[in-house]
Amino acid sequence: MKKMLLLLGLALGIFTSVRAQSVKGRVLDDSTGEGLQGVSVTVSGTSVGTTTGADGFFSLFVPADRKRHTLQISYAGYTTAAMPLREDEGMVIRLKREPKQ
């Protein structure tokens, strides 16, 4: 019985240490305020990433590894942005158009 409880406690400890943090947000055009579709949103130092949907919304899970991650946001024709990852689920990122040359 003690072995069973020990294994159960160990399994629960491992499960809680590998939980992922949910990150949600929206990427907008800075000048128009419209959502941007197809924007690449990646988490630095991981293989985690996604693209925004039709209205600019995104959702992804970040490993709970206690590292300080940064969101990298890139879209053709816009300046790439980097933002520290926050725990709130309402991130709003405004991308500026690249200057015309």
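## Close-up views of a predicted protein chain

**Figure 1. The largest nonpolar core.** The largest nonpolar core comprises 19 residues, and those with the most contacts inside it are Val23, Val27, Leu71, Ile73 and Leu95. Two or more residues of this core come from each of strand 1, strand 2, strand 4 (57-63), strand 5 (70-74), strand 6 (81-84) and strand 7. A nonpolar core is a set of buried Ala, Val, Leu, Ile, Met, Phe, Trp, Tyr and Cys residues joined through side-chain atoms within 4.5 Å. Buried means under 20% relative accessible area, exposed means over 50%, and partly exposed lies in between (1.4 Å probe, protein chains only). The structure is a predicted model, in which local features need pLDDT of at least 70 and side-chain atom pairs count only at pLDDT 80 or more, while totals for chains, interfaces and linings use all residues. Residues are numbered from 1 along each chain as its sequence is written, and side-chain values use heavy atoms, with hydrogens and water left out.

**Figure 2. The surroundings of valine 27.** Leaving aside residues up to four places away in sequence, valine 27 touches Glu34, Gly35, Leu36, Val39, Val41, Thr52, Gly56, Phe58, Ile73, Ile93 and Leu95. A contact here means heavy atoms within 4.5 Å.

Figure 3. Helices (H or I, at least four residues) and strands (E, at least two) are DSSP runs, numbered from the N terminus. The protein chain has one helix and seven strands, in the order α-β-β-β-β-β-β-β from the N terminus on. Strand 1 and strand 7 pair in the parallel sense over five bridges; two strands pair if DSSP finds at least two bridges between them. Leucine 28 stands opposite arginine 94 in strand 7. The covered face of strand 7 carries Met91, Ile93 and Leu95, whereas Val92 and Arg94 form the uncovered one.

Figure 4. Side chains of opposite charge can pair when their charged atoms come close. Two salt bridges are found in a search of the whole structure, each being a side-chain nitrogen of Lys or Arg within 4 Å of a carboxyl oxygen of Asp or Glu. In one of them, arginine 97 is joined to aspartate 29, with the closest N and O atoms 3.4 Å apart. Arginine 97 lies in the segment after strand 7 (91-95) and aspartate 29 in strand 1 (residues 20-29), so the pair ties together parts that are 68 residues apart in sequence. Arginine 97 is exposed at 52% relative accessibility, whereas aspartate 29 is buried at 2%. Beyond residues up to four places away in sequence, aspartate 29 touches Glu34, Leu36, Tyr78, Arg94, Leu95 and Arg97.

**Figure 5. The salt bridge between aspartate 30 and lysine 96.** The closest N and O atoms of aspartate 30 and lysine 96 are 3.6 Å apart in this salt bridge. Because aspartate 30 lies in the loop between strand 1 and strand 2 (40-43) and lysine 96 in the segment after strand 7, the pair ties together parts that are 66 residues apart in sequence. Aspartate 30 is partly exposed, with a relative accessible area of 32%; lysine 96 is exposed, with 52%.

**Figure 6. The aromatic pair.** One aromatic pair is found in a search of the whole structure. Tyrosine 75 and tyrosine 78 form this tilted pair, at 5.4 Å centre to centre and 40° between the planes. Rings of Phe, Tyr and Trp (its six-membered ring) pair if their centres lie within 6.5 Å; planes under 30 degrees apart count as stacked, over 60 as edge-to-face and the rest as tilted. Tyrosine 75 is partly exposed at 27% relative accessible area, and tyrosine 78 is buried at 6%.
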